[in-house]
Structure formats: C-alpha cells, structure tokens
Amino acid sequence: MAADLHTDEAMDVSLMGEERFAGDYAIVVDGLTNRFGDQTVHENLSLKVRRGEILGVVGGSGTGKSVLMRSIIGLQHPAEGHIEVLGHSMTDVDPDAQIGVRSRWGVLFQGGALFSTLTVGENVEVPLRQFYPEIRDELRHEIARYKVRLSGLPEEATSKYPSELSGGMRKRAGLARALALDPELMFLDEPTAGLDPIAAAAFDRTTRVLADTLGLTVFLITHDLDTLYEICDRVAVLADGQVIAVGSIPELLATDHPWIQEYFNGPRGRAAKASHERAKTMDTAGKSGN
Ligand SMILES: Nc1ncnc2c1ncn2[C@@H]1O[C@H](COP(=O)(O)OP(=O)(O)OP(=O)(O)O)[C@@H](O)[C@H]1O
Ligand SMILES: [Mg+2]
C-alpha cells in the first residue's frame, strides 16, 4: 500500500517548484558587511559558490561563518551588500517575494536545531507542511520516511524523539529534514562536529553521495580537515571579515597567508593530508589489482 505512494504523486510534489537553477553560480555574495553594535563581523566580503560544487567554508571560531550562512538564507539582514541565491536576490526584495526560493534549499544548523517535542519523522514533515500544505497526510508521512532512509538512518528512527538518538543520529535526522523539500542547495553548519571519526567519515560519504546523485550544491561550514580533504571541491577561507582565499586545497597551500599555512600545514592538517593520500593510494592499488 505504502509503496504505491512512491509513484506519480510523489514525483509531482518534487516538480511543483520552479525549474532547477542552470546558472554558473548558485550563490553570489557581493560586498557584504555585517555589524553587531560596534563589532564588524564582515567588511566588504565577496564569494561565489559554483553550481554543483561542495564548497568547504573554514575560518577561526567567531570569524563569522554561521553569520555568513544566515545572511545568505535571509535570516540576518546585512548592513551592506548584495546576495543572490539560485538567481534570486535575497537583499533587494521584500521577504515575501523570497518564499519560492526559500523552498529550494535545505539547512542543517550548527547544533541540529531539531524540535525536541516532535519525532524525527514529524521534524522532517515541518518544512513539507509549511511549503506544501496541500499534500495529504499519508503521502507526507511516506516522504518523511523516505528522507529518513536517504539520510542513512534506519526507518525505525522516524518515530523516535531526538532525545532517544545518539549525536550522530541526530545529525542525520537534521540532514533528513534538510532534504525534505528535494533541495537544489544545502547548507551544512559543522555537520561532523562532535562525531567520532568513523561516524564523521560516514556522514561525509553520505554528503558526497547525496550531492553527486541529487546534483546538489553544498555550502559546508566545517573545522574538520578530513572533511575538507575527502569531499570538498573547493575551500573558502574566512579571516579579517573577508573571504581571503578560495580554491582547491593545493591552490590554498600555494598562498602564503599565515593562517592558511598554519591550518593546513599544522600537525592536524598534515595528518589529514597523509590519511587522504594513503586512502587514494589504496584506492588506486585496489583498482589496478582488479
Ligand atoms: N545575533 C547576534 N548578535 C550579536 N552578535 C552576534 C550574533 N550572531 C553572531 N554574533 C557575533 O558574530 C561573530 C561571528 O559569529 P559566528 O557565529 O558567525 O562565528 P563562527 O565563525 O560561526 O564561529 P564558530 O566556528 O565558533 O561556529 C561572533 O563574534 C558572534 O559573537
Ligand atoms: Mg558557527
């Protein structure tokens, strides 16, 4: 019975929005300035995120990574600057006009931000209820169960409360909710923070597979050097209120900025690089052995 729901009606739901964005840059931030009182967090910051890439965003604690993400999704009104997401201005128009584009991204907030009084399934249903109130209950439950499985959780997790899950499972529940609306764009704020290395690596693989199979653009804030090496196409570095560099890790290493050198060439950076190179060598050896 439930299997029937995977059919045309479910397809129609994913196609209800606009056509997928086909431009070069999923996100364009131009001249962004953010201030809190007399603290300037960003000053004339610019950044372009290519459609289809996983962009890692790094920077010291408090450099404004989360504030940048909140500005891009319209939760933080900047003092100056222009932001475009999937071809829509987030800064020039009134918030009601942004409703269409808001349904085309998913967000995993730092810390998860799940509703503790709702089950995992009900959490996933929140954006569905908000943006597609016309979907009937049975189909909405079915979509939620599907997203829970897509995030790598067992289906039984759908009926559990966040307090009944491990930290890693809660992150995946947040991912399931971020996937609720079949997004084109995902924002992940420190998705692997607090996970053990095996759970973190598994979460990274899920992110990469989802990005590749669903054609997602991913804005991924992280402190996790392994994540940067394993799944990011490019990395943007925040310091001094700006994006001071953006590129592949080898490109970043070619710059002589002290923070970048310290970050990637410090003990942890070198360990992550060595582990990445070992994995690549084993992968190549495995393939040539076949
Ligand atoms: N709503 C707010 N009101 C006042 N100050 C804020 C607000 N949000 C953020 N800030 C300040 O802006 C700065 C940047 O915060 P942000 O959360 O973006 O840092 P971050 O780079 O994400 O750090 P972390 O790596 O620790 O998550 C911090 O100094 C923070 O205290
Ligand atoms: Mg943060």
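The following dialogue goes through a predicted model and the definitions behind its terms.

Mentor: This is a predicted model, in which local features need pLDDT of at least 70 and side-chain atom pairs count only at pLDDT 80 or more, while totals for chains, interfaces and linings use all residues. Residues are numbered from 1 along each chain as its sequence is written, with chains lettered from A and ligands numbered from 1 in the order in which they are written.

Trainee: What makes a residue buried, and what percentage of the residues are?

Mentor: A buried residue has 20 or more other C-beta atoms, placed from the backbone, within 10 Å of its own. Buried residues make up 38% of the 290.

Trainee: How do you know that β1 and β2 pair?

Mentor: Pairing requires that DSSP finds at least two bridges between two strands. Strands are DSSP runs of E with at least two residues, and helices are runs of H or I with at least four, numbered from the N terminus. Between β1 (residues 25-36) and β2 (residues 39-50) there are 8 bridges, in antiparallel direction, so the pair meets the definition. N34 stands opposite H42 in β2.

Trainee: Which strands does the open sheet hold, and why are β2 and β5 at its edges?

Mentor: Its 4 strands have the order β2-β1-β4-β5, with antiparallel pairing. β2 and β5 (88-89) each have a single partner strand, so one side of each is left without a neighbour in the sheet. β4 and β5 are joined by 2 bridges, and the definition asks for at least two. β1 and β4 (residues 80-85) have 5 bridges, with E80 as the bridge partner of T33.

Trainee: What makes the shell around ligand 1 polar, nonpolar or charged by class?

Mentor: Ala, Val, Leu, Ile, Met, Phe, Trp, Tyr, Cys and Pro count as nonpolar, Asp, Glu, Lys and Arg as charged, and the others, Gly among them, as polar. The shell has 3 nonpolar, 7 polar and 1 charged residues. Among the residues surrounding ligand 1 are F36, G59, K65 and Q110, where a residue is near if its C-beta atom, placed from the backbone, lies within 6 Å. Helix α2 (residues 65-72) gives the most to this shell, with 3 residues.

Technical notes:
A residue is buried if 20 or more other C-beta atoms lie within 10 Å of its own, exposed if 12 or fewer, and partly exposed in between; C-beta atoms are placed from the backbone.
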